[in-house]
Every structure is written in structure tokens, then in C-alpha cells.
Amino acid sequence: MTAEIALEDGQPPSRIFLDRLTAQRQTRAVLSILKSYLGSHRRPYLVFDVAASNDSEQSVLTARGAAIRAFESFSTETVYGLRLEDGVPVVDWPVVESFSTRHAGRDVLVFGFTFLLWTRVAAGLGDRGQSLGLGRAKVFHGGGWKSLSEQAVSKRTFNTEVAKVLGCSPQHVYDFYGMVEQVGSIFVDCEQGHKHAPNFATVLIVDPTTLRMVSPGESGLIQVISLLPSSYPGQVLLTEDQGQLISIDQCPCGRQGVAFRFLSRVERLERRGCGDTLAVRMGENRPS
Ligand SMILES: [Zn+2]
């Protein structure tokens, strides 16, 4: 199997060649990371996205499709909670309500891009004044905070509001950070709200002028390093994102290695991330 991954950004897409071995490693990597949050049993999977984002017939896999597919290894059934209305994603109420009725009180997995979860789910469901009653849901989201930080939506507010709508614990809303060029290497929040690197990847927070690692407490550019890709040169990426180094081997959660926080994207650069460019393409930066 071969595939390419294209960024969705209105610019000529960045394409990377993905061979079978690299793809297998990426799948195994995501499984090993998510097992520490989900255990090994499968569960119903609600994706707050449109089904077309994960079209297996295409040879070009988008960033959104790659992320949706990564979580499918944990699913017994996959349900898409958004549909397109005049080209705009909206909540598919009959589908979402049917899912929540069938699986209320059971372990379920929920995934969505940060921007879509906030604008469509937190705002949309909140307006209806109802909770979905998915008390044992674990919610994963990623794909860019810039549009939300412009609205001063903090991580705490995001977790609280999303959890309220789904009916689950805010501690079970997990933000993860990762670059589409390094599918499989994701940096998931721990209970302290700090992001950690898995065994086969690491992250450096570097001074933008010297590219040297900063000291704990300081901020700098996020550089991500992954052992997974071997069919394209994606092992080391200096990102356009700013992060804060929290600690090394000292996070109270017990996980070793670098603990960091994502701060923001670097200003005055083109937006190239999947979630942030999604917000720009849809011409909106606030919940509707
Ligand atoms: Zn931690």
C-alpha cells in the first residue's frame, strides 16, 4: 500500500510518501499511546466530523482523515456526527441522538477537531440546553487552538463546556498535539494538563535564535522528533508553534521525559495547520 498525505490549506498541498512499513509503525504507535488512556477494549466511536473527511477510496489521505482513522482501531462502530449543509458542517441531530440513546452510560470514544468541537458541539448543543448523557465518554481533540485563543477560550473553559454537553468528566477531555507529517507521534495531555512524548518520539522547546533547548519555565519554538517515518524525511521538524517547557522527568503524573504546554502559533506566518486553516476556510472565528 502506498498513500500520500496532503495538508488542507488552500495552498499547494504538502505531500509526503507513505509506504507500508511507515504506515504500520504509525498505526502501532497510536495504539500504544491510546492504550494508556483507553485500555485495550473496543467501544462505539462518535466522530464529530463529516464522513467525507475519511474517504478510504482516495489515495490522498487528508490530515483530518488520518486522525479519524487512527482512532478507528478502538472502535466497534464508527458514527459521524456532522453532515454538510450548503457546504458547511452542522450537527446531524438524529444520528447523534440515536448514538447517545443507544450508548448512554457505556464506554464510548469521541473524537473531533478542536475548532469543530467548540463551534459545532459546545456552542450548538449548549444552545439546545441538553446533555447527551455520555457519562463514560473519553473525548480526544486536536488540530489547532489559534482560532479559539483569539476568542480567549482557555483549555479549562473548553474542557468544561465540551464535558457538560457530552455529560462526561472534564478530566476525560484530552487535547493532543502532533504534526501531520508525523502521524502516529502524538503528544497527549496528562492529568496535570501537560503534554508528554511517547517512547518513540520526543520534543524540544528551543530558543528561536540559537535553537538550543530552553530551561524549564521558559518558552520557545516546538521541535518534534519521531522515530516512525522512514519513507520520507520527517524525523525532525521545527514547527511554527510556541511552547513552554514545564519540566523534565518531574511531572507529578509520573511520566518521564519532557513535559510541555502548547502556547500559540508564531504570529505573522501563514496558517498551515489543519484545524486552524479549517476555521479560515469556513470564514469564521467564533462559535455560531
Ligand atoms: Zn504529566
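Two strands are said to pair if DSSP finds at least two bridges between them. In this predicted model, strand E9 (residues 137-142) and strand E10 (residues 173-177) meet that criterion, since they are joined in the parallel sense over 3 bridges. Within this pair, valine 139 stands opposite valine 173 of E10.

The pair belongs to a wider arrangement. Six strands, in the order E5-E3-E8-E9-E10-E11, make up an open sheet whose pairing is mixed. Strand E5 (75-80) and strand E11 (187-188) stand at its edges; each has a single partner strand, so one side of each is left without a neighbour in the sheet.

The chain as a whole may now be considered. Its secondary structure comes to 7 helices and 16 strands. Of its 288 residues, 51% are buried. Among contacts between residues at least 6 apart in sequence, 67% join residues at least 24 apart.

Strand E6 (residues 82-85) and strand E7 (residues 88-91) pair in the antiparallel sense over 4 bridges. Leucine 82 has valine 91 as its bridge partner in E7. Between E6 and E7 lie 2 residues, and aspartate 86 in this turn has a positive phi of about 55°.

The buried residues of H1 include Thr22, Ala23, Gln26, Ala29 and Val30. Further along H1, Ile33, Leu34, Tyr37 and Leu38 are buried as well. Just after H1, glycine 39 adopts a positive phi of about 75°.

Trp93, Val96, Phe99, Ser100 and His103 are buried in H3. Seen down the axis, these buried residues fall within an arc of 135°, so they line one face of the helix. Pro94 and Thr101, on the other side of H3, are exposed. Serine 100, a residue of helix H3, can be examined individually. Residues under 20% relative accessible area are taken as buried, and serine 100 counts as buried because its relative accessibility is 7%. Apart from neighbours within four places in sequence, serine 100 is in contact with Leu132 and Leu134. After H3 comes glycine 105, whose phi is positive, near 80°.

Helix H6 (residues 155-166) may be read in a similar way. Buried in H6 are Phe158, Asn159, Val162, Ala163, Val165 and Leu166. Around the axis they cover an arc of only 160°, which puts them on the same side of H6. On the other side of H6, Arg156 and Lys164 are exposed. Glycine 167 follows H6 and has a positive phi, near 90°.

Attention now turns to the metal site. The zinc ion is coordinated by the SG atoms of Cys190, Cys251 and Cys253 and by NE2 of His196, at 2.1 to 2.3 Å. Ideal angles at a metal with four tetrahedral donors are 109.5 degrees. Here the angles among the 4 donor atoms of the zinc ion are 102 to 116°, and the site is tetrahedral. Along the sequence, the donor residues follow the spacing C-x5-H-x54-C-x1-C. Two of the donor residues can be described in terms of accessibility. Cysteine 251 counts as buried because its relative accessibility is 7%, whereas cysteine 253, with a relative accessible area of 22%, is partly exposed.

Glutamine 223 counts as buried because its relative accessibility is 16%. When residues up to four places away in sequence are not counted, glutamine 223 touches Thr202, Val203, Leu204 and Val206, together with Val236, Leu237 and Leu238.

How values were computed:
Residues numbered from 1 in each chain as written. Predicted model: local features only at pLDDT ≥ 70, side-chain atom pairs only at ≥ 80, totals over all residues. Heavy atoms only, no water. Buried < 20%, exposed > 50% of the residue type's maximum accessible area, 1.4 Å probe, protein only. Arc of directions from axis to C-beta. Contact = heavy atoms within 4.5 Å. Donors = N, O, S within 2.8 Å, 3.2 Å for Na, K, Ca; no water. Tetrahedral: all angles 85-135°; square planar, octahedral: opposite > 155°, others 65-115°.
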